[in-house]
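Trainee: I have a new structure open and I'd like to learn how to read it. Can you walk me through it?

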Amino acid sequence: MTTAATLIDRAINELLAGTIEERNKLASAITDTSSTTVTLTYPLSSLRDNSVIQIGDELMYVWQADAAAKQLTVERGYGGSTASTHAAGESTVTNPRFPRYQVLNHLNSEVADLSSPVNGLFQMKTVDIAYNGSDRMINLTNATDVIDLYDVRYRYLNDDYPIVRNVRLLRNMPTSDFASGYAIALDAAVRAGTLRVLYKAPYSTFTSSATTVADVGGSTTMDDLLVYGVQIRLMAGREVKRNFTESQGDTRRADEVPAGAISNSMIQLQRMRRDRVLAEAARLNRAYPVRIRK
């Protein structure tokens, strides 16, 4: 299953479109997250004071660069990234255009947006509940966020799970009585036993680059959709930056990148994302057709 790291690499590489960012390698491991000295293998090249270096998902601000010793004095976890350990030989990137930790944040924003009412995508979760046969309302165990109930079944035999009708989802219930804050209301009698509840939930978050699409509740068909969404978010601020009135170094000529060029590029990405959202919604609707619980 695709990992967040794979999606991040693809999103960045497609946006760079062949542009090679300056790289180096760690000469020795960084085993202490508070260490502020970084030793590199190759000449520092354009690495200077007040540069930014990326190692893994961490950004480091360079306070001082010693070209002779190939050493940097840095501030760890710069820009909101998280300081972590790094192995000898790990690659570094100088002044990355698209920092990996920011791409991961955009990836999480994208999966959250996909589960919004506007897009209507979801993952399915299942929970088995021991029912005493008398309570009219029961806690939806371990539920943290529920879009809607899909299916409730009663375990009659090990090979027979009839549908339970007349079931409602109750939200914002007192956690002193219903630990999850969600409850299932049974409006018809049900025998004591095990209830299997299938419900729609928002996608989970990518907690690290190693998190897979399956871990957040997605499928392999979502890879393109997530990449397009991330790329749109990464490019959204570029048109604003172009309009800064301050002088900017190494800019492209106005006739090469006219006003609106970035926005026009984003329009195509938005169309491709929209098509993938519709395709994924259709796949989910085929897999989980509308159920009537009454």
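This is a predicted model: local features need pLDDT of at least 70, side-chain atom pairs count only at pLDDT 80 or more; totals for chains, interfaces and linings use all residues.

Trainee: How many bridges join β3 to β4, and do they run parallel or antiparallel?

Mentor: In general, strands count as a pair once there are at least two bridges between them. Here β3 (residues 52-55) and β4 (residues 58-66) are joined by four bridges and run antiparallel. To find your place, look at Ile 53, which sits opposite Met 60 in β4.

Trainee: What lies between those two strands, β3 and β4?

Mentor: Two residues, making a hairpin, and Gly 56 in the turn has a positive phi of about 65 degrees.

Trainee: Which residue in β5 is the bridge partner of Tyr 61?

Mentor: That's Glu 75. β4 and β5 (residues 71-75) are antiparallel too, with five bridges. Their hairpin has four residues between the strands, and there Lys 70 takes a positive phi near 55 degrees.

Trainee: Now the cores. Which residues touch the most other members of the largest nonpolar core?

Mentor: A nonpolar core is a set of buried residues joined through side-chain atoms within 4.5 Å. The largest one here has 34 residues, and Leu 107, Leu 114, Phe 206 and Leu 226 touch the most other members. Helices α1 (4-16), α2 (100-114), α3 (223-235) and α5 (261-287) each give at least two residues to this core, with α3 supplying the largest share, eight.

Trainee: What is Leu 226 in contact with?

Mentor: Beyond its neighbours within four places in sequence, its contacts include Leu 7, Leu 107, Glu 110 and Phe 206. Another core, of 21 residues, lies apart from the largest one, and Val 127 and Ile 138 are among its members.

Definitions and conventions
Residues are numbered from 1 along each chain as its sequence is written. Side-chain values use heavy atoms; hydrogens and water are left out. Buried means under 20% relative accessible area, exposed over 50%, partly exposed in between (1.4 Å probe, protein chains only). Contact means heavy atoms within 4.5 Å.
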